[in-house]
Structures are given as structure tokens and as C-alpha cells.
Amino acid sequence: MDVKTGLFYLFSAVLLFAAFRVITSRNPVYAALYLVLAFFQASAIWLLLRAEFLAISLVLVYVGAVMVLFLFVVMMLDINVDALRQGFWKHFPLAAGIGALIALEMAAVLMGGFRLAEPRRPMASGPDTSNTLELGKLLYTEYLYPLEIAAVILLVAIVAAIALTLRTRKDSKYVNPSDQVRVKARDRVRIVQMPVTRAAQPVVDEAPAAGETKA
């Protein structure tokens, strides 16, 4: 076994362990950190497959942006994990059924690649070969329709997130930006002239009430 094969088995083992801990960790912050570790191991495997663009994209986009944002959101929301665990076993059969269905669908799609009579020969790579160029050609020729469908789904998700954010809420204070732009200084600030010094007001002692003596 050469060094490349050993590194592949090492990265794969760590990737499987991290993926298992993502779904078994009781703390959502730990689960997110294990997911970051899984992304790093997947990017390392892609580097072994000479897919440098995919590896760098995974690290920059998912680890550097999405997961950091997810961690900040989880820590700022201060989610009550105990309240989320109360209905775990109640919804477990439905979740297990959906997970099994997704696993069967993925197996039906992926197993077709292992049934090939002759393995596909890798593309001849030379000093002038660009993986990014070849990936772009595949995306915009053979996989153009799946790419457009994914783009439409992402656009719908963005519009839905904006619509949920801009909905009217009773507990939030709304400020009209146009009113802020048209405001003038004389409408907000009133300058009052006061004398620099004022004479001290004499202290007047109050008369004692009936039955009280003045000390």
C-alpha cells in the first residue's frame, strides 16, 4: 500500500467518524465543529483526486462562510437543547423512515457507477490542463439544466428569507428611511439661550406643623 492509499483511508476514517458525531452530538456547537472537520477531510480527499478547485471551494465557501455563520447563529440564539429533546422519540419513526428513503435513493443513483463493465479511464492531465476549465465545460454543457434548477431553488430560498425578514412584526420598531433623509436640524434641535450665572435662590424654611417644635 502506497502513501496515497494510506492517506485516503486515513481521511476517509476521520470523515466517517466526524459525520457520525455530527448526528450523535448532543450539543449543536460540537455538531457544527464536527461538520467543519468532515468538510476538511472531504476537501483533503478531493485533493488526492486532483480536484483542487472543489477542495478549495469547499473550504472557502462552507467552512469559511456558512459554518462560521451557523456557529455564530447557534451561539447567539442560545437554543434550549433540553426542550428540543422532548419530542425526539415521538418523531423518531418518521425521521428514520425519511432517512431510509433518502439512503435508498442515493444507493440507487450511486450504485449504477459501480456496475460498469469497464472502468472509466482518467483524463490525461498535462502541465497545461486546468481542472477549473474542465469543470466549467461540464457544468455549462452536460449539466446545464441541473445547474439552472439549483440556481432557481437558491433564488427561491433567498426570496423566501427576505420575505420572512421583512414581514410586519408587533415587537419591532419601524423607522421610515425617507423621513430620516428629509429631516432637518431645526426640526430636531432647539437652541435655548441661558444666562451664564444665576443668583442663588433664598432658602425658605417651612413653618412647623401644629404640635411640632422646630429644632
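Colleague: Why does Ser43 count as buried?

Modeller: This is a predicted model, so the values are computed from its atoms. Ser43 has 6% relative accessibility. Buried means under 20%, so Ser43 counts as buried.

Colleague: Where does Ser43 lie, and what is Ser43 in contact with?

Modeller: Ser43 lies in helix H2. Leaving aside neighbours within four places in sequence, Ser43 is in contact with Ala55, Leu58 and Val59.

Colleague: Gln41 lies in helix H2. What makes Gln41 buried?

Modeller: The relative accessible area of Gln41 is 12%. The cut-off for buried is under 20%, so Gln41 is buried. Not counting residues up to four places away in sequence, Gln41 touches Phe11, Val14 and Leu15.

Colleague: Phe11 is in H1. Which residues of H1 are buried?

Modeller: Phe11, Ser12 and Ala18. They cover an arc of only 135° around the axis, which puts them on the same side of H1. These buried residues pack against helix H2, residues 28–48.

Colleague: Which residues are exposed on the other side of H1?

Modeller: Tyr9, Leu16 and Phe20 are exposed there.

Colleague: How do you know what span to expect of H1?

Modeller: Helix H1 covers residues 3–24 and has 22 residues. At 1.5 Å a residue, 32 Å is expected. From first C-alpha to last, H1 reaches 32 Å, close to that value.

Colleague: What makes the phi of Arg50 worth a remark?

Modeller: Most residues other than glycine have a negative phi. Arg50 is not a glycine, yet has a positive phi of about 65°. Arg50 is found in the loop between H2 and helix H3 (52–77).

Colleague: Is Arg50 buried or exposed?

Modeller: Exposed. The relative accessible area of Arg50 is 52%. Exposed means over 50%, so Arg50 is exposed.

Colleague: Why is the pair Arg182 and Asp179 called a salt bridge?

Modeller: The N to O distance between their side chains is 3.1 Å. The cut-off is within 4 Å, so Arg182 and Asp179 meet in a salt bridge. A search of the whole structure finds 1 salt bridge.

Colleague: How are Arg182 and Asp179 placed in helix H8?

Modeller: Both lie in helix H8, residues 177–182. Arg182 and Asp179 are 3 residues apart, about one turn of the helix. An α-helix has 3.6 residues a turn, so residues three or four places apart point the same way.

Colleague: Why do Arg182 and Asp179 get their accessibility labels?

Modeller: Arg182 has 58% relative accessibility, so Arg182 counts as exposed. Asp179 has 42% and counts as partly exposed. That label is for values between the buried and exposed cut-offs.

Colleague: Which residues form the nonpolar patch on the surface?

Modeller: Leu94, Ile98, Ile102, Met106, Val109 and Leu110. Together they have about 610 Å² of accessible area. Ile98 lies in helix H5, residues 88–114.

Colleague: How many helices and strands are in the protein?

Modeller: There are 9 helices and 0 strands. Of the 215 residues of the protein, 10% count as buried. The protein exposes about 19,400 Å², and carbon and sulfur atoms supply 67% of that area.

Notes: Residues numbered from 1 in each chain as written. Predicted model: local features only at pLDDT ≥ 70, side-chain atom pairs only at ≥ 80, totals over all residues. Heavy atoms only, no water. Helix = DSSP H or I, 4+ residues; strand = E, 2+ residues; numbered from the N terminus. Expected span 1.5 Å × (residues − 1). Buried < 20%, exposed > 50% of the residue type's maximum accessible area, 1.4 Å probe, protein only. Arc of directions from axis to C-beta. Contact = heavy atoms within 4.5 Å. Patch = residues over 30% accessible without salt bridge, like charges linked within 9 Å, V, L, I, M, F, W, Y side chains within 5 Å. Areas by Shrake-Rupley, 256 points an atom, 1.4 Å probe, with all protein chains shown as cover.
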